[in-house]
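Subject: Handing over the structure

Hello,

Here is the structure I promised to pass on to you. Please open it alongside this note, and then read on for what turned up.

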Amino acid sequence: MWSRGRRSHTRRRSFALLLALLLLTAACTGDDTPDPQPPASPTAAPEDLPTGGGTLRIGLANDPRSIDPRFVADEEGELIVGALFEPLVRIDARGRAVPGAARAWSVSDDGTEITFTLREATFHDGQPVTATDVKRTFDRIADGTADPPSFLAYLLSPIVGADAAAEGGGDLEGVEVVDETTVVIRLVEPQPRYLLTLADPSLVPTPEAADEDPEGFGEAPIGNGPYSLVGPREPGGFVRLARVEGHHREPELDEVVLQIYPDDPARNRQWADLEAGLLHVADVGPAHLEEAAATYGISEDGSSGPGLLDGATSTVTMLGFDLTVPPFDDPVVRRALSQSIDRDALVEEVFGGTRRSADRLVPEGIPGSQSGACDHCRYDPEGAAALLEDAEIELPEEIEFTFNRGATNAAVAERIAADVSDALGVEVVLVPLELREYVPAVRRGEAPWFRLGWEANAPDPGAYLDPLFHSRNVGLDNLTRYADEETDELLDAGRRATSEPEAVEAYAAAERRILDAVAVAPLVVNEHARVVTEDIEGLVWLPSGRVDLAVVRFVQD
């Protein structure tokens, strides 16, 4: 495999969304199946592509599940929604909250009320953006009785009345419209870093049409962002975005075309179109990584173009254990299982170098990420067997490992089963389930050893640790049923911290405690694995998968 010298490459949210993420992950490695006919596309001949201003063309490996911000469920959807809409605040390249749809805000002395003043702006149809439009979105996401429900209500859990809205429906009590340009968000307790969550691309103003015609709005959303949608989306085809003139963050580009490549798991068609000059940004499959690095160079920081972006994303795949069910209730057993797995081989043989071995819970690029925090993530089969022997623990002849169906998921499970069997002499019975079966089975405790993925919604270690490991989230996203009083205290301290260093210190201690207990076993972290051509400036792909298309431009001669 290729290497950049700094390291060798060995490469949202609620549980319903993270399982959707795992399904998308299943389409991320190559296979030898013939490529079907390419989708309809507005691609131009290479000589027609602009060299400054004009149209940016980006390849997407998957069709977004939704481009209605209240139902966005994947990176592709977030990319589009992030261009069409603008939340109250944005996160800048340094991870700070900066004005977005709100031009200013203030926090009450007790830290429980945030008052936002909206800037003067309109939706793409010319209607003014008001505080009522902000509340409309928050109410719809919080309403647990809505049909269909949004799976993003966890984003609003710190707001007063979120539990009541989730259980009984109705408006979200803690979001108050003062006047057309003023909205107040009231929190259950002070949470200074909640501003980072409010930058989520789902928490945006939406017009009346979002409720009046939800289906139509989902196909052709009317936003308040720097780009507008040109025509309804064409699933399996492309999405065209046009610059909104007069927007306070008016882009330099005229338009962005997002070309979708369904049924192309090896990324062969994307690579061919990139080589032909029909794309400026493309996902790269394992078979083309070395050639991409040689042809286009490697990004200096892993996340910004030009070159091959190889930085870590915010997506972590782990082994989850139900800590209340034998033999997984014993930390020695969990540690032995973790040390049995050859993560480097998993990365190379299953993922083709498009992941990297995980040695922590909070991945690179997130404040407070701790290299090597997981001491049981190293491959040590002899040590794993010795752990059980020294503790006089005898495993059952068979243990079950449950995962959601998908070709890559199955390959990962088979590799894990082989490693564990070789190291510990136990047969691992694989239990693949359809997504609709998998989610309830894990929630009910019927799958005590399972595959778990997580993608954070904010550049904050708490976005990983609090949902998955705070005892108050048992039965929600805390699927391992991990409950530890000291961990809770550390997570609470991080959540309430008034400065980033204070928060990072508390979360780092919590992460070490969680990993020492082997509540989960981190496996791999996703990498970007995409190319940005040398004629593009300003494109930064954050670990969360978000891209600020408003600042992207072509190199000017």
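Let me start with Asp 390, which belongs to helix H12 (residues 381-390); helices here are DSSP runs of H or I with at least four residues, strands are runs of E with at least two, and both are numbered from the N terminus. With a relative accessibility of 66%, Asp 390 counts as exposed (exposed means over 50% relative accessible area, buried under 20% and partly exposed in between, with a 1.4 Å probe and protein chains only). Asp 390 and Val 332 are 58 residues apart along the chain, and their C-alpha atoms are separated by 9.9 Å.

A word on the ground rules. This is a predicted model, in which local features need pLDDT of at least 70 and side-chain atom pairs count only at pLDDT 80 or more, while totals for chains, interfaces and linings use all residues. Residues are numbered from 1 along each chain as its sequence is written, and side-chain values use heavy atoms, with hydrogens and water left out.

Helix H8 and its surroundings

In helix H8 (residues 268-275), the buried residues are Arg 269, Gln 270, Trp 271, Asp 273 and Leu 274. They pack against strand S1 (55-60), strand S11 (281-283), helix H9 (289-296) and strand S19 (530-532), where contact means heavy atoms within 4.5 Å.

H8 and H9 pack at an angle of about 15 degrees, and their axes are 12 Å apart. Axes are lines fitted to C-alpha atoms, for helices over the stretch in contact, and angles run from 0 to 180 degrees between N-to-C directions. H8 and H9 are therefore roughly parallel to each other (under 35 degrees is roughly parallel, over 145 roughly antiparallel, 65 to 115 roughly perpendicular and the rest oblique). Their crossing is left-handed, that is, the near helix is turned anticlockwise from the far one by less than a right angle. Trp 271, Leu 274 and Glu 275 in H8 meet Glu 291, Ala 292, Thr 295 and Tyr 296 in H9.

The loop between strand S10 (255-260) and H8 holds Pro 262, which is partly exposed at a relative accessible area of 26%. Arg 267 is in the loop between S10 and H8 too. Although Arg 267 is not a glycine, it has a positive phi of about 65 degrees, and at 7% relative accessibility it counts as buried. Just after H8, Gly 277 has a positive phi of about 85 degrees.

Helix H15 (residues 462-469) packs with helix H16 (residues 485-496) at about 140 degrees, the axes being 10 Å apart. That makes H15 oblique to H16, and the crossing is left-handed. Here Leu 465, Asp 466 and Phe 469 in H15 meet Asp 488, Leu 491 and Arg 495 in H16.

In the loop between H15 and H16 you will find Arg 481. Its phi is near 65 degrees, a positive value in a residue other than glycine, and Arg 481 is partly exposed, with a relative accessible area of 23%.

H16 also crosses helix H17 (residues 500-516), at roughly 155 degrees, with the axes coming within 8 Å. H16 and H17 are therefore roughly antiparallel to each other, and H16 passes H17 in a left-handed crossing. Among the residues that meet there are Leu 490 and Leu 491 in H16, and Ala 506 and Tyr 507 in H17.

Rings and charges

Rings of Phe, Tyr and Trp (its six-membered ring) pair if their centres lie within 6.5 Å; planes under 30 degrees apart count as stacked, over 60 as edge-to-face and the rest as tilted. By this rule the count is nine aromatic pairs. In one of them, the rings of Phe 85 and Phe 217 have centres 6.3 Å apart and planes at 65 degrees, so the pair is edge-to-face. Phe 85 lies in the loop between helix H2 (75-84) and strand S2 (89-91) and Phe 217 in helix H7 (residues 214-219), so the pair ties together parts that are 132 residues apart in sequence. Phe 85 is buried, with a relative accessible area of 2%, and Phe 217 is buried at 2% as well. Elsewhere, ring pairs link Phe 321, Phe 328, Phe 401, Phe 403 and Trp 449 into a cluster.

Best wishes
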